[in-house]
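Morning, everyone. I have one structure to go through today, and I will keep it short. Please have a look at it first.

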Amino acid sequence: MVTKLKTNKRVIVIGAGVAGLSTAIRLQKEGYQVDLFEKESLPGGKMNQIEKDGFRFDVGPTIVMMPEIYREIFEIAGKDPEDYIPMKRIDPMYRSYFDKGQDYIDVSSDLTKLMKTLEDIDPEDAAGFLRYLSSVYDRFLIAKDYFLQRPFRDKKDFYNPFMLKQGLKLKTFDSATNSISKFVKNEKIRNMLTFQTLYIGVSPNNGPSLYTIIPMIELLYGIWYIEGGMHKMAEGMASVLEDLGGKIHYDSEVTEILIEDGKAKGIAVNGRQELADYVMCNADFPYAMKSLVKEKSAKGKYTDQKIDKMKYSCSCFVMYLGMDRQYDELEHLHTFIFSDDVDKNLEQVFSGEVIEDPSVYVVASSKVDPTAAPAGKENLYILVPVAELSTAKYDWEDEVTVQYYRKKALDAVSNLPGMANIENEIISESMMTPIDFKERFNAYNGATFGLQPTLTQSNHWRPQAKAEACENLYFTGSSTHPGAGVPIVLLSGKIAADELMLDDRG
Ligand SMILES: Cc1cc2nc3c(=O)[nH]c(=O)nc-3n(C[C@H](O)[C@H](O)[C@H](O)COP(=O)(O)OP(=O)(O)OC[C@H]3O[C@@H](n4cnc5c(N)ncnc54)[C@H](O)[C@@H]3O)c2cc1C
């Protein structure tokens with residue numbers, strides 16, 4: 001293993017989210033002295049964990065895609081990922097329920113099994129599905145090679161003949177739904193291949209069609225489970241950072257990024273100043289620009305007015321339920337329950353209207369991981385996509401709202417076979433509303449996936465790692481390029497570390 005030259009330069013990282021840890025490990029490994037300040041008492045940010053009444057839940061992310069990107073951060077540090085995040089592949093990946101639990105499709109990433117499922121539904125759509133895979137795979141390769149793994153520091157990084165040609169090849173101007181509809185007619189299969197844009201908080205009916213690469217990645221590369229739960233990833237990264245000599249200061253809420261003469265000089269935290277050569281901010285970009293960067297000239301184009309006008313991803317209402325029994329009929333780790341009217345449901349999520357018939361996502365990690373619940377019990381994570389706070393026409397401070405969505409979610413789950421009585425079988429209950437995501441992790445507007453990845457808020461148009469109008473200041477995380485989702489913010493951490501080193505070392 002090559003040991004990197006030590007520099008005396010100190011980097012302060014604000015936030016121990018996945019992106020903050022990813023960038024901190026890379027910089028510490030390259031010889032910088034990293035001090036990371038996190039407002040919470042655990043690492044991971046939205047990749048947090050709840051332990052209660054003998055049950056364990058991941059707070060946010062539950063689906064591992066692109067596991068090689070998870071492993072890479074340990075390999076970079078000279079560690080064996082198996083020691084930190086042993087994974088198993090999950091197949092079938094999930095069950096999708098329709099018609100109030102009357103009908104379902106098991107979705108496998110084993111192409112032989114999946115083709116049989118699709119042929120049984122509609123042979124023409126099975127052929128269309130293969131054409132979709134092939135078309136989107138080409139676009140995935142372009143996105144991967146030219147857009148997802150690089151910064152867009154200057155306009156000319158994007159506005160040049162080569163990149164514009166690649167951009168056109170992405171054919172991303174249509175919506176995901178329209179794009180899939182060209183290949184597949186059956187509505188259930190179509191929903192099955194488009195809802196994944198919600199993983200990054202954008203509607204398949206409006207979001208760029210490029211995001212149909214998400215189901216393609218699931219189908220071609222599978223989905224995985226980290227033994228012990230997703231939070232093992234955060235714990236593992238935190239322990240690697242400390243092993244390398246980095247320091248993590250928990251329960252330390254940064255209140256300001258100190259800026260002098262157009263340069264970041266450090267931070268204010270716990271009533272004192274901490275000075276550094278560079279500041280790397282993993283706190284959500286719009287929140288940080290508005291609340292931590294107080295020097296107006298350092299905001300560049302991201303004025304408070306601009307931040308408020310930008311579009312935000314949807315949010316989530318999540319319940320974490322400890323159940324008094326196991327549910328044999330709930331066969332899978334992941335279950336999706338589709339609304340009877342998916343279009344109306346999506347319309348309501350993104351317009352902020354009250355959601356009448358929500359789609360619901362259920363995770364029962366105790367199905368594959370006995371350490372997640374006491375013997376004979378089940379842990380249920382039940383997620384409802386809801387509007388972010390600036391568009392929601394309902395108030396999460398009002399208990400009526402909470403009880404309304406709690407009941408909607410439980411009703412949807414109790415329609416499933418064997419689950420009619422779940423409300424009476426709850427023995428432990430916690431929840432996260434959009435307000436909790438805002439207050440605990442400073443997610444702007446409670447938008448769980450950050451800035452919405454619309455066409456005009458993606459790539460070159462998304463906030464970049466290097467601050468536009470302030471030297472020595474960098475940003476990483478889901479509201480910056482390349483966007484949201486664990487593997488993507490791991491890449492954001494890499495881009496941000498590279499950008500800092502480019503300025504420091506040339
Ligand atoms: C309910 C839910 C389900 C999801 N499901 C999936 C999934 O299945 N698969 C997937 O890949 N992705 C999923 N995601 C998305 C994924 O979790 C996020 O994109 C990713 O974790 C974001 O990481 P981040 O580092 O950008 O931000 P964050 O996790 O928000 O990290 C920011 C950190 O900064 C800290 N911070 C903020 N302000 C300050 C301050 N002033 N001082 C100090 N610290 C501060 C916060 O406490 C936090 O720790 C899900 C997200 C949610 C919420």
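How many residue pairs are in polar contact between domain 1 and domain 2? The count is 7, with both residues of each pair at pLDDT 80 or more. That cut-off applies since this is a predicted model.

Next, the salt bridges. Between domain 1 and domain 2 there are 2 of them. In a salt bridge, the side chain of Asp 503 meets that of Arg 153, with 2.9 Å from N to O. As for the classes of residue, the side of domain 1 that touches domain 2 has 9 nonpolar, 7 polar and 3 charged residues.

Now the layout. Domain 1 is made of three stretches, 10-49, 228-310 and 451-505, while domain 2 covers 115-221. Over C-alpha atoms, the centres of the two domains are 29 Å apart. The contact draws on 19 residues of domain 1 and 17 residues of domain 2.

On to area. The two domains bury about 1,700 Å² between them, and 63% of that is on carbon and sulfur atoms. On the domain 1 side, Pro 453, Leu 455 and His 460 supply 34% of the area buried against domain 2, more than any other three residues.

Last, the cysteines. How many disulfides does the structure hold? The number is 0. Take Cys 314: the closest cysteine sulfur is in Cys 316, and at 5.6 Å the two are too far apart for a bond. Both are buried: Cys 314 has a relative accessible area of 2%, and Cys 316 has 5%.

That is what I have.

Notes: Residues are numbered from 1 along each chain as its sequence is written. This is a predicted model: local features need pLDDT of at least 70, side-chain atom pairs count only at pLDDT 80 or more; totals for chains, interfaces and linings use all residues. Side-chain values use heavy atoms; hydrogens and water are left out. Domain bounds come from an automatic or database domain assignment. Contact means heavy atoms within 4.5 Å. Buried area is the accessible area (1.4 Å probe) that two parts lose on being put together, summed over both. A salt bridge is a side-chain nitrogen of Lys or Arg within 4 Å of a carboxyl oxygen of Asp or Glu. A polar contact is a pair of N or O atoms within 3.5 Å; within protein, one must be able to donate a hydrogen and the other to accept it, and residues adjacent in sequence count only if both atoms are side-chain atoms. Ala, Val, Leu, Ile, Met, Phe, Trp, Tyr, Cys and Pro count as nonpolar, Asp, Glu, Lys and Arg as charged, and the others, Gly among them, as polar. A disulfide is a pair of cysteine sulfur atoms within 2.5 Å. Buried means under 20% relative accessible area, exposed over 50%, partly exposed in between (1.4 Å probe, protein chains only).
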